[in-house]
Amino acid sequence: MPCTLSTQWGAHPAKETAATKGWSSLPDDLVVQVGDCLLADNDIYSYMDFRAVCTSWRRPTKDIAKAGRFEPSKWALLDRHDDVLTFVNVETGRFLVKNIPLLRKYLFIGATGGGMIILNKSKSPNQVRVLNPFTGLIVRFKASLPIIGWVREATVVTSPMMLFISGEAGKIMWADQDSEKFQEFGVDYRNTPLSMTPFDDKVYLSDKEGSIFSSTVAAVTAEEHSHRSGQTISMASTIRRPAGDPAWDCYLVKSGGELLLVTRPWYGVHGKPVVHRVDTERNKLELVTSIGNRALFLSDVRCLSVEASKFQAIQGGCIYFVDPVPTAGNREASLMTTFHVADQVQDDIIFDVATMAGGSKQPLTIAQVFANYSRSIYYSEPGFN
C-alpha cells in the first residue's frame, strides 16, 4: 500500500488531496536525514517506528537494531525491579519500561550512564557481560570484576570496547574484552573521585579538589599508540586546580555536547557555584555564564544532564545539587539545592528519597526521580565473589 497520510490515519481514499499523496515518494536522502535526526536523539524506538511506516522509508535506512550497531548513550536507568527496568531518554523525555527475562541468568552489577547494563556470570569465574537492553546484544569480557561492595558509576567506550567502573574507596577499574583482569587506578582516600564521564572517546574524571584526569594511551612508539587496549590505557592528570583555591565540591558532567566542571563552595564557605567548560584540546577551563535549557542533577555518586523542555516542572538553566542529610529513624533523605546559573539565585528543598518501589505515600516529582537517580548506588547482588 502506498505510504500516505490518509492510509496511515484511516481517511477515505476519495478524500485524498495532492498534498497527501507523495509521502511514499520522498527522496531517499530526505528519508535518511529524518532517520538520522531520530538516531541523534538516541531514540531507537521512534526510529524503528519510522522505518515500519512503509517500504520506501525502510529501504534507504539501516536496521541498526538487528545489526547490533545501536549503542545507547542518552538513556538513564531510573529503576529496576527484578527483570523489569525503567529507562528515560534525557534528550527526548521518553520513558520506557522493559521486561528482560535474560537478567535472571546473571548477577546485576550496575548500569552505564548511557543505558547499558553490566552483569556478571552467576558462576565462577564470574566474567563480566555488558548487555544492550535495546537490541539484546551481549558483549562478553574475559575478565572477572574484582570484589567490590558497590558501583558508583560505569561507562563504556568503543574502538575497542572498554568498560570503566567507579567503585567504593575512589577506585577506578577498566578492561577491554580480551583483558585477563581489570586494571586499577586509585587516588588518596582523602581525595576520592566524584565524577566520571565519557567524552570524545575518552573517559574523564574529577576528584574533590577539582583536578581532572583522562584516559590516555601509555605508549612509546607510534605503533603502540595506535593500539589502544586495557593494558595500554592509563589515567593521566589533564587539569590541576591551582594551589590556594578555597574548599569546593567539584562535579564533572557531560551536557549538551560539552564537558562541564561545576564547583560549589562547602557549606559555611563564602561563595556561589561556578560553571566552567572543559577545553579538552587546550586542557583549560573556560567560565560559563549560561547552560542554556539544560538542567543538571549533581551528587557525589553520579551526575546527569537533561533537556529541561522535555520534562514538566524541570527548570532550564538550573543546577540541582543533591546531598544526603541525617533524619530521625535512619530514613534516607536528601537536601536538594537549586541554583540558577544566569541570575545566581539559590534555594533549598528537603525531601525523602523514597524508592520507586513505594517507600513513600506521595508520588515523586520528576525532579525527585532524577535526584534519586543521581544518589542511587548499585550494590553487588548475593553470589558475587
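Over how many bridges do strand E5 and strand E6 pair in the antiparallel sense? Strand E5 (residues 117-121) and strand E6 (residues 127-131) are joined over four bridges, and two strands count as paired if DSSP finds at least two bridges between them. The model is predicted, so local features need pLDDT of at least 70 and side-chain atom pairs count only at pLDDT 80 or more, whereas totals for chains, interfaces and linings use all residues. Residues are numbered from 1 along each chain as its sequence is written, and side-chain values use heavy atoms, with hydrogens and water left out.

**Overall composition**

- The chain contains seven helices and 25 strands; helices (H or I, at least four residues) and strands (E, at least two) are DSSP runs, numbered from the N terminus.
- Of its 385 residues, 49% count as buried, where buried means under 20% relative accessible area, exposed over 50%, and partly exposed in between (1.4 Å probe, protein chains only).
- Among contacts (heavy atoms within 4.5 Å) with a separation of 6 or more, 47% involve residues 24 or more positions apart.
- The chain exposes about 18900 Å², and carbon and sulfur atoms supply 52% of this area, computed by the Shrake-Rupley method with a 1.4 Å probe.

**The sheet E4-E5-E6-E7**

- Four strands form an open sheet in the order E4-E5-E6-E7, with antiparallel pairing.
- Strand E4 (106-111) and strand E7 (138-144) each have a single partner strand, so one side of each edge strand is left without a neighbour in the sheet.
- Within the pairing of E5 and E6, Ile117 has Leu131 of E6 as its bridge partner.

**Salt bridges**

- The whole structure holds ten salt bridges, each defined as a side-chain nitrogen of Lys or Arg within 4 Å of a carboxyl oxygen of Asp or Glu.
- In one of them, the closest N and O atoms of Asp83 and Arg104 are 2.7 Å apart.
- Asp83 lies in the loop between strand E1 (75-81) and strand E2 (84-89) and Arg104 in the loop between strand E3 (95-99) and E4, so this pair ties together parts that are 21 residues apart in sequence.
- Asp83 is buried at 7% relative accessibility, whereas Arg104 is exposed at 65%.
- Asp323 forms a salt bridge with Arg264, with closest N and O atoms 3.0 Å apart.
- This pair links strand E22 (residues 318-325), which holds Asp323, to strand E17 (residues 258-265), which holds Arg264, 59 residues apart; both residues are buried.
- Arg282 and Asp279 meet in a salt bridge of 2.7 Å, N to O, and Asp279 is buried at 9% relative accessibility.
- Shared partners join Arg277, Asp279, Arg282 and Glu286 into one salt-bridge network.
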